[in-house]
Amino acid sequence: MKKLIALSLFTLVAFASCKKDTTNSTTATTTTNNSGPQLKFVFKFDSTQTRYNSAGQIVATPPVGHSAQCPKFNGMSAHYIEMTQNNVTAVGAGAILYTTPTTPVSPVTVWNSSHTTSQTYTDAINFNQETVVGDGQQFFSKPLSQITPGTYPFIRISVAYQNYDIKYGVLAGTTVNLPTGPYTYTSNIYSTGTIASFIGYNTQIGSYVIKTQTDVVNTDKQQGYWAFESAPIGTYTVPYSYGQAPQGATTVVSPAAFATTAIPPGSCLVTGQFVNQAGATQPLVITGHEISDITIIVSMSTNNSFEWIKHSSPNDNYIYPLSGDTVVDMGVRGMVPKLPQ
């Protein structure tokens, strides 16, 4: 029982300082009832894709003193999809393809990390209407006949929810203080855990499944609400834990092309430029006379996207929170929307 309680405390220590960033582990594809050729979007999670920081600069490896791992993504949802014809189009002034239905709530003011810019929201993303899908699955489609013809080099997608697995460890000799007294681990423990992370500006959450355990919320939660479920340790089922990251702590990858476009705090808009199969930039062209579907692969970089500061722990790709490792970033490290052949 002491080990069980200690591991429950471990989950709280592990993610209380998270920076980034189900019933709905996989749901039906968001689409319309209209027939005809469709514009379709499919998620792809790629651990080998280029790794960017929040300013859109390539950072191949974590900085000195940090470590990272490539999490295994189980599911992701998008709250907002917009295509634009240039890189200075204001948010909302492009071709908006989709916005998740929202629920009115008491006003919530969200600040950026420097507390210099804020945005007040009077609604929350309705999570039970979110489409959460896994790798290689379609998350949205819309009839091409309903999209304004034009040339679209850029796309913005607001990620609302992420669910992924990470690896963690507890070293022998680690002591934790429990209500019943100190407890010392007698051997190393290596396990996996599942993180459910809500990174939209504000989300109305009923209940959802993290991996096997259900988190009952029944209220709206600001950007950065998370839950963590450890895999069983031997015969022990470790109770899940949950928490709230501070405002402005969720990083968003925005390439230099969007440096002149103000991204509202809390929006979590990930931006990208369409490329062809060879990887060269090429705009998406909608003529209005399409006779077949267009499927866009939205490739998300999970390349060492779960990052932490190391404190005297082994350099073995496991995070050791009880040895002082602290999470500084988690989520995705870039987005590449790929055109069909």
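Student: What should I know about the model before we start?

Tutor: It is predicted, with local features needing pLDDT of at least 70 and side-chain atom pairs counting only at pLDDT 80 or more, while totals for chains, interfaces and linings use all residues. Residues are numbered from 1 along each chain as its sequence is written, and side-chain values use heavy atoms, leaving out hydrogens and water.

Student: Is strand β7 enclosed or exposed, and why?

Tutor: Strand β7 (residues 138–143) is largely enclosed by the rest of the structure, because five of its six residues are buried. Buried means under 20% relative accessible area, exposed over 50%, partly exposed in between (1.4 Å probe, protein chains only). Strands are DSSP runs of E, at least two residues, numbered from the N terminus.

Student: Which strand does β7 pair with?

Tutor: β7 pairs with β1 (residues 38–46), antiparallel, over five bridges; pairing takes at least two DSSP bridges between the strands. Leu-39 stands opposite Lys-142 in β7.

Student: New topic. How many aromatic pairs are there?

Tutor: There are 22 aromatic pairs. Rings of Phe, Tyr and Trp (its six-membered ring) pair if their centres lie within 6.5 Å; planes under 30 degrees apart count as stacked, over 60 as edge-to-face and the rest as tilted. Tyr-183 and Tyr-185 are edge-to-face, at 5.3 Å centre to centre and 80° between the planes.

Student: Are those two tyrosines buried or exposed?

Tutor: Tyr-183 and Tyr-185 are both buried.

Student: What about Phe-198 and Tyr-225?

Tutor: Phe-198 and Tyr-225 form a tilted pair, 6.0 Å centre to centre with 45° between the planes. This pair links distant parts of the chain, 27 residues apart: Phe-198 is in strand β12 and Tyr-225 in strand β15.

Conventions. Helices (H or I, at least four residues) and strands (E, at least two) are DSSP runs, numbered from the N terminus.
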